[in-house]
Amino acid sequence: GEDVEQSLFLSVREGDSSVINCTYTDSSSTYLYWYKQEPGAGLQLLTYIFSNMDMKQDQRLTVLLNKKDKHLSLRIADTQTGDSAIYFCAEDAGNNRKLIWGLGTSLAVNP
Amino acid sequence: ETGVTQTPRHLVMGMTNKKSLKCEQHLGHNAMYWYKQSAKKPLELMFVYNFKEQTENNSVPSRFSPECPNSSHLFLHLHTLQPEDSALYLCASSPARGGVSSTDTQYFGPGTRLTVL
């Protein structure tokens with residue numbers, strides 16, 4: 001069935017780059033998304049990538065898509081304490097474009 | 001601010017109570033969603049409304065009853081809930097459901113933290 005997997009935790013030092021990885025199973029996905037959830041808040045759309053692209057850059061964020069391996073990554077350059085949050089990967093799947101979500105990666109940024 | 005608001009932000013209710021969650025979007029979208037977020041589980045899609053019509057109900061128990069009076073407002077009526085229904089309930093909206101050739105990006109509200117005693 002459709003599945004999205006992410007590692008649950010990542011810890012980095014302030015100023016370093018963070019790389020959050022995601023694997024998915026539905027090869028027919030059209031769009032893949034990264035959302036951020038801060039404590040006590042809803043999900044905030046960070047960025048998305050169309051499946052025919054292999055890279056998208058938006059300021060400190062770089063998304064890499066390896067469609068052959070069904071692997072998506074989010075790189076955050078110069079990670080700040082304000083980037084501490086849970087990051088969710090999601091793919092749209094199937095004819096009804098339902099979003100399939102990962103469990104989220106909890107990013108801790110240490111001073 | 002994402003343009004999607006939810007009230008109340010926190011709700012504590014007993015198993016015999018009846019309460020409602022409210023969601024409002026100011027983005028001019030035509031699709032609205034209810035999700036349940038529980039610890040250590042993927043986000044669960046509960047209901048989808050597209051142009052005020054319910055298009056998806058993902059086997060949600062009847063103690064949850066959605067209502068969408070117009071494209072800007074979405075309610076979730078709760079009655080006779082169980083303690084395992086305690087979770088964060090998220091509302092989202094998107095321009096329109098469907099359409100393979102374009103993204104239908106969802107924007108989320110802050111959620112209602114529900115505790116059932």
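The contact between the two chains of this predicted model draws on 19 residues from chain A and 25 residues from chain B, where contact means heavy atoms within 4.5 Å. Together, chain A and chain B bury about 1600 Å², with 54% of that area on carbon and sulfur atoms; buried area here is the accessible area (1.4 Å probe) that two parts lose on being put together, summed over both. Between chain A and chain B there are zero salt bridges, a salt bridge being a side-chain nitrogen of Lys or Arg within 4 Å of a carboxyl oxygen of Asp or Glu. Four residue pairs, both partners at pLDDT 80 or more, are in polar contact between chain A and chain B. A polar contact is a pair of N or O atoms within 3.5 Å; within protein, one must be able to donate a hydrogen and the other to accept it, and residues adjacent in sequence count only if both atoms are side-chain atoms.

On the side of chain A that touches chain B, strand E4 (31–37), strand E5 (43–50) and strand E10 (98–101) of chain A each supply at least two residues. Helices (H or I, at least four residues) and strands (E, at least two) are DSSP runs, numbered from the N terminus. E4(A) gives the most to this side, with four residues. By residue type, the side of chain A that touches chain B comprises eleven nonpolar, six polar and two charged residues; Ala, Val, Leu, Ile, Met, Phe, Trp, Tyr, Cys and Pro count as nonpolar, Asp, Glu, Lys and Arg as charged, and the others, Gly among them, as polar.

Beyond four places in sequence, B:Phe64 touches B:Met46, B:Phe47, B:Leu76, B:His77, B:Leu78, B:Leu81, B:Asp85 and B:Tyr89.

Side chains of opposite charge can pair when their charged atoms come close. Over all chains, the structure holds five salt bridges. One of them joins B:Asp85 and B:Arg63, whose closest N and O atoms are 2.7 Å apart. This pair links distant parts of the chain, 22 residues apart: B:Asp85 sits in the loop between E8 and E9 of chain B, and B:Arg63 in the loop between strand E6 (53–57) and E7 of chain B. B:Asp85 is buried, at 3% relative accessible area. In chain A, A:Lys36 pairs with A:Glu38 at 3.2 Å between the closest N and O atoms; A:Lys36 is buried at 9% relative accessibility, whereas A:Glu38 is partly exposed at 34%. A salt bridge of 3.9 Å (N to O) also joins the side chains of A:Asp16 and A:Arg13, with A:Asp16 partly exposed at 33% and A:Arg13 exposed at 58%.

Several loop residues also deserve a look. B:Thr80, in the loop between E8 and E9 of chain B, has a positive phi of about 55° although it is not a glycine. B:Thr80 is partly exposed, with a relative accessible area of 45%, and its contacts beyond four places in sequence are B:Met15, B:Asn17 and B:Arg63. The side chains of B:Thr80 and B:His79 are joined by a polar contact of 3.4 Å. A:Asp78, likewise not a glycine, has a positive phi of about 50° and lies in the loop between strand E8 (71–76) and strand E9 (85–93) of chain A. In the loop between strand E1 (4–7) and E2 of chain B is B:Pro8, and the peptide bond from B:Thr7 to B:Pro8 is cis, with omega near -10°.

Residues are numbered from 1 along each chain as its sequence is written, while chains are lettered from A and ligands numbered from 1 in the order in which they are written. In this predicted model, local features need pLDDT of at least 70 and side-chain atom pairs count only at pLDDT 80 or more, while totals for chains, interfaces and linings use all residues; side-chain values use heavy atoms, leaving out hydrogens and water.

Terms used:
Buried < 20%, exposed > 50% of the residue type's maximum accessible area, 1.4 Å probe, protein only.
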